[in-house]
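Have the sequence and the 3D view ready.

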Amino acid sequence: AESSNFSNLTQLYVGENIISDAGAVALVKSENFPKLVLLDMTQNTLGEKTLKAMFKYNKDQRVQIVIR
């Protein structure tokens, strides 16, 4: 989430990677993916912190975030 090497990334699939709320929040907050349109974090154990970050940092819904 902190790397600036992925500025052209449009889709990021990190499902089934044992990502915690802290990791998910870092991805949602990151400004290093300006072209990102899809962030798929399915099948991770995510909770309230992730949901709050999704609403706070993706208000314009520029990025489709999947957390099933």
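Leaving aside its neighbours within four places in sequence, which residues is D40 in contact with? They are L12, Y13, V14, G15 and V66, where contact means heavy atoms within 4.5 Å.

## Before we go on

This is a predicted model, where local features need pLDDT of at least 70, side-chain atom pairs count only at pLDDT 80 or more, and totals for chains, interfaces and linings use all residues. Residues are numbered from 1 along each chain as its sequence is written, and side-chain values use heavy atoms, with hydrogens and water left out.

## D40, in a strand

You'll find D40 in strand β2; strands are DSSP runs of E, at least two residues, numbered from the N terminus. D40 counts as buried because its relative accessibility is 12%, and buried means under 20% relative accessible area (1.4 Å probe, protein chains only).

Y13 sits 27 residues away from D40 along the chain, yet their C-alpha atoms are separated by 4.7 Å. The side chain of D40 also makes a polar contact of 3.0 Å with the side chain of T42. A polar contact is a pair of N or O atoms within 3.5 Å; within protein, one must be able to donate a hydrogen and the other to accept it, and residues adjacent in sequence count only if both atoms are side-chain atoms.

What does the side chain of N44 reach at 2.9 Å? That's the backbone nitrogen of I19. A polar atom of the N44 side chain also lies 3.1 Å from the backbone nitrogen of N17. Setting aside neighbours within four places in sequence, N44 is in contact with V14, G15, E16, N17, I18 and I19.

Note on methods: Helices (H or I, at least four residues) and strands (E, at least two) are DSSP runs, numbered from the N terminus. Buried means under 20% relative accessible area, exposed over 50%, partly exposed in between (1.4 Å probe, protein chains only).
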